[in-house]
Structures are given as C-alpha cells and as structure tokens.
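I opened this model to go through its helices and its surface. My notes are below the display.

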Amino acid sequence: MTILALSNILVAFILAIFDIRYLYSFEISFICSILIFFSSFKSMQKKVRMMTELSKNDSNDEDTSISKREKFFIGTRISFGLFRILSYIFLGFCIVGLINNKLFFIIPFIAGTATSSVAMSFWLLKEKSSS
C-alpha cells in the first residue's frame with residue numbers, strides 16, 4: 001500500500017506544479033481505478049477459492065466435466081460483483097461531476113488510471129512473492 005501512496009503523492013505533486021485543476025481529474029481517476037481494481041481482485045479471489053473448494057469436493061466423483069452452460073454461469077458470476085458495479089457507478093458520477101464543473105481534463109485522467117494500474121501491479125507482485 002505504500003507504493004500506492006507514494007505514486008499518488010509523486011504524480012499529484014508534479015500535476016499541481018502545472019495547474020491545480022488537473023489534480024481533480026487525476027485524483028478521481030486514481031481513486032476510482034483503485035476501487036475498481038481492488039473490488040475486482042477481491043471478488044475474483046473469493047470466487048476462485050470457492051471454485052477450488054468445489055473442485056476438491058468433486059474430485060472424489062467420477063464425472064468432473066462441466067457443461068458449457070455451467071461454464072457460462074460461472075464466468076458471469078465472476079464478472080459481475082456488487083462492489084465492482086458500484087465502483088463503476090461511482091466513477092460515472094465522478095466524471096459527470098467533473099464535466100459539469102468544467103474540471104475534467106483527459107491527460108491527467110489517463111495519468112491517474114495508468115499510475116494506479118502500475119502501482120497495483122507492483123502491489124500484486126509484492127503480495128504474490130510474499131505468499
């Protein structure tokens with residue numbers, strides 16, 4: 001988590017030098033991207049654990065094939081998580097608010113998304129190597 005904070009502070013400081021209004025787009029993008037990424041990660045992690053437990057229980061059975069319909073429903077359940085959908089709704093409201101107040105700038109918004117993606121990737125690598 002320190003990687004996230006340091007990357008946010010560093011890029012926010014650089015953007016504040018240019019224009020303080022850029023900071024709004026950057027921070028909204030950074031925070032919403034982290035919310036989306038983290039909620040997706042946690043829901044996937046929970047679903048994978050559930051699926052591995054089910055496969056361990058079913059490993060004793062002889063017939064372990066999964067039909068295409070069951071695979072579709074499993075994929076759909078993994079794709080749609082409550083917190084993930086709420087994070088996207090929050091992002092939408094934030095973008096509308098920025099546009100209405102004439103504070104939406106695309107370059108800082110993309111920078112916020114990219115910064116959070118890189119920082120979360122490093123966080124995942126660190127968590128994977130520690131476990």
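These entries follow the order in which I looked things up.

**Model.** I am working from a predicted model.

**Surface patch.** I started with the nonpolar surface. I found a patch of about 790 Å². Phe-80, Leu-82, Phe-83, Ile-85, Leu-86, Ile-89 and Phe-93 make it up. Phe-83 sits in helix H4, residues 82-100. Its relative accessible area is 61%, so I noted Phe-83 as exposed, the cut-off being over 50%.

**Helix H4.** Next I checked the length of H4.

Which residues of H4 are buried? I list Ser-87, Leu-91, Cys-94 and Leu-98. They cover an arc of only 65 degrees around the axis, which means that they lie on the same side of H4. An α-helix has 3.6 residues a turn, so residues three or four places apart point the same way.

I then turned to the face of H4 directed away from the buried side. The exposed residues Leu-82, Phe-93 and Asn-100 are carried there. Leu-82 and Phe-93 also belong to the nonpolar patch. After H4 comes Lys-102, and I read a positive phi for this residue, near 55 degrees.

I moved on to helix H2, residues 21-58, where Ile-36 is found. Is Ile-36 buried or exposed? Ile-36 is buried, because its relative accessible area is 12% and the limit is under 20%. Leaving out residues up to four places away in sequence, I see Ile-36 touch Ser-87, Tyr-88 and Leu-91.

**Salt bridges.** I searched the whole structure and got one salt bridge. It joins Asp-19 and Arg-21, with the closest N and O atoms 3.0 Å apart. Arg-21 is partly exposed, at a relative accessible area of 39%.

**Helix H5.** Last, I looked at H5, residues 106-130. H5 has 25 residues and reaches 36 Å from first C-alpha to last. That is close to the 36 Å expected at 1.5 Å a residue. I wrote down the buried residues of H5 as Pro-108, Phe-109, Gly-112, Thr-115, Ser-116, Ala-119, Met-120 and Trp-123.

Definitions and conventions:
Residues are numbered from 1 along each chain as its sequence is written. This is a predicted model: local features need pLDDT of at least 70, side-chain atom pairs count only at pLDDT 80 or more; totals for chains, interfaces and linings use all residues. Side-chain values use heavy atoms; hydrogens and water are left out. Patches are made of residues with over 30% relative accessible area and no salt bridge: like charges are joined within 9 Å, nonpolar side chains (Val, Leu, Ile, Met, Phe, Trp, Tyr) within 5 Å. Accessible areas come from the Shrake-Rupley method with a 1.4 Å probe; for residues, only the protein chains shown count as cover. A salt bridge is a side-chain nitrogen of Lys or Arg within 4 Å of a carboxyl oxygen of Asp or Glu. Helices (H or I, at least four residues) and strands (E, at least two) are DSSP runs, numbered from the N terminus. Buried means under 20% relative accessible area, exposed over 50%, partly exposed in between (1.4 Å probe, protein chains only). The arc is that of the directions from the helix axis to the C-beta atoms. Contact means heavy atoms within 4.5 Å. The expected span of a helix is 1.5 Å times one less than its number of residues.
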